[in-house]
Amino acid sequence: MPQRSITYRSSFSIGLVIIVALLAAFLTIDAAVRGFWGIAVITALWSAAIVAPLSLFLALPRLTADQEGLTCVGPLTTWVIPWSKVDTVRTRRLLLVETTDGKVITLFSVPSRPMGMRSVHATDLGDEIEAIRRDWEGHSDPEAKATRRVHVRGISIVGVAVVAAIIATIVL
């Protein structure tokens, strides 16, 4: 039985979030070192209000293909789709997973197809997923259903960060 599992995520998006977080930390520390405590607090809260949704929308999304099927982690939801329910995986511009039930799950911020110079030397993501699918296809329960889970904690953190930043701006 093969032991293949692979996760796709955008390293550029993760790098962008890290750069923004470092810049936000620098601005907050700079204000604190200069003695502007009110500005430092507001900067810290607005930094959190910017970095939290960036993390949710750019750093969190990924696609994992393993023996269970496809796990599609988006900014707001996670879909777990067994191989018996995967109909088509399209990798043109966005990553689209079509199920046998007719649902279409769209993932952005996940590398879908190599672009530019990399495309000459890289294999297509769809081809890699199909190879993994062939390895595991018969091992999936035909009665299994695709499940969806909402990222309540992440959405709540973003909401609290934005509300705290707005309140701090009004109060301070």
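Contact here means heavy atoms within 4.5 Å. Keep that in mind as you work through these exercises on a predicted model.

**Exercise 1. Get an overview of the chain: how many helices and strands are there, and in what order do they run?**

Solution. Start by counting: the protein chain has five helices and eight strands. Next, read from the N terminus, which gives the order β-α-α-β-β-β-β-β-β-α-α-β-α. Then turn to burial: of the 172 residues, 35% are buried. Finally, look at contacts between residues at least 6 apart in sequence; 60% of them join residues at least 24 apart.

**Exercise 2. Describe how the axes of H1 and H2 are arranged, and find the residues that meet.**

Solution. Two packed helices are described by the angle between their axes and the distance between the axes. Here the axes of H1 (residues 11-33) and H2 come within 8 Å, crossing at roughly 175 degrees. An angle over 145 degrees counts as roughly antiparallel, so H1 is roughly antiparallel to H2. Now list the residues that meet. From H1 they include Ile14, Val17, Ala21, Ala24 and Thr28, and from H2 they include Trp37, Ala40, Ser47, Val51 and Leu54.

**Exercise 3. Work out which residues of H2 are buried, and what covers them.**

Solution. Take the buried residues of H2 to begin with: Ala40, Thr43, Ser47, Ala49, Val51, Ala52, Leu56 and Ala59. Their cover includes H1 and H5, and H5 is our next stop.

**Exercise 4. Check the span of H5 against its number of residues, then sort its buried and exposed residues.**

Solution. First, the length: H5 covers residues 152-171, and its 20 residues at 1.5 Å a residue should span 28 Å. The C-alpha atoms at its ends are 28 Å apart, so the two values agree. Second, the buried set consists of Val158, Ala161, Ala165 and Ala168. Viewed down the axis of H5, the buried residues fall within an arc of 105 degrees, and therefore line one face of the helix. That buried set packs against helix H2 (37-59). Third, turn to the other side of H5, where Val152, Val160, Ile170 and Val171 are exposed.

**Exercise 5. Which residues touch the most other members of the largest nonpolar core, and which elements supply at least two residues each?**

Solution. In soluble globular proteins, nonpolar side chains tend to be buried together. In this model the largest nonpolar core has 18 residues, among which Leu63, Leu70, Cys72 and Ile81 touch the most other members. Strands S2 (62-66), S3 (69-73), S4 (77-82), S5 (86-90), S6 (95-99) and S7 (104-107) each supply at least two residues of this core, as does helix H4 (125-136).

**Exercise 6. Start from Ile81 and follow its contacts to Thr99 and Ala146.**

Solution. Setting aside residues up to four places away in sequence, Ile81 touches Glu68, Gly69, Leu70, Cys72, Val86, Val97, Thr99, Ile105 and Ala146.

- Thr99 sits in strand S6. With a relative accessibility of 5%, Thr99 is under the 20% cut-off and so counts as buried. Beyond four places in sequence, Thr99 touches Ile81, Lys85, Asp87 and Ile105.
- Ala146 belongs to the loop between H4 and strand S8 (147-150). Its relative accessible area is 15%, and Ala146 is buried. Again leaving aside neighbours within four places, Ala146 is in contact with Trp79, Val80, Ile81 and Pro82.

Conventions: Residues are numbered from 1 along each chain as its sequence is written. This is a predicted model: local features need pLDDT of at least 70, side-chain atom pairs count only at pLDDT 80 or more; totals for chains, interfaces and linings use all residues. Side-chain values use heavy atoms; hydrogens and water are left out. Helices (H or I, at least four residues) and strands (E, at least two) are DSSP runs, numbered from the N terminus. The expected span of a helix is 1.5 Å times one less than its number of residues. Buried means under 20% relative accessible area, exposed over 50%, partly exposed in between (1.4 Å probe, protein chains only). The arc is that of the directions from the helix axis to the C-beta atoms. A nonpolar core is a set of buried Ala, Val, Leu, Ile, Met, Phe, Trp, Tyr and Cys residues joined through side-chain atoms within 4.5 Å. Axes are lines fitted to C-alpha atoms, for helices over the stretch in contact, and angles run from 0 to 180 degrees between N-to-C directions. Angles under 35 degrees count as roughly parallel, over 145 as roughly antiparallel, 65 to 115 as roughly perpendicular and the rest as oblique.
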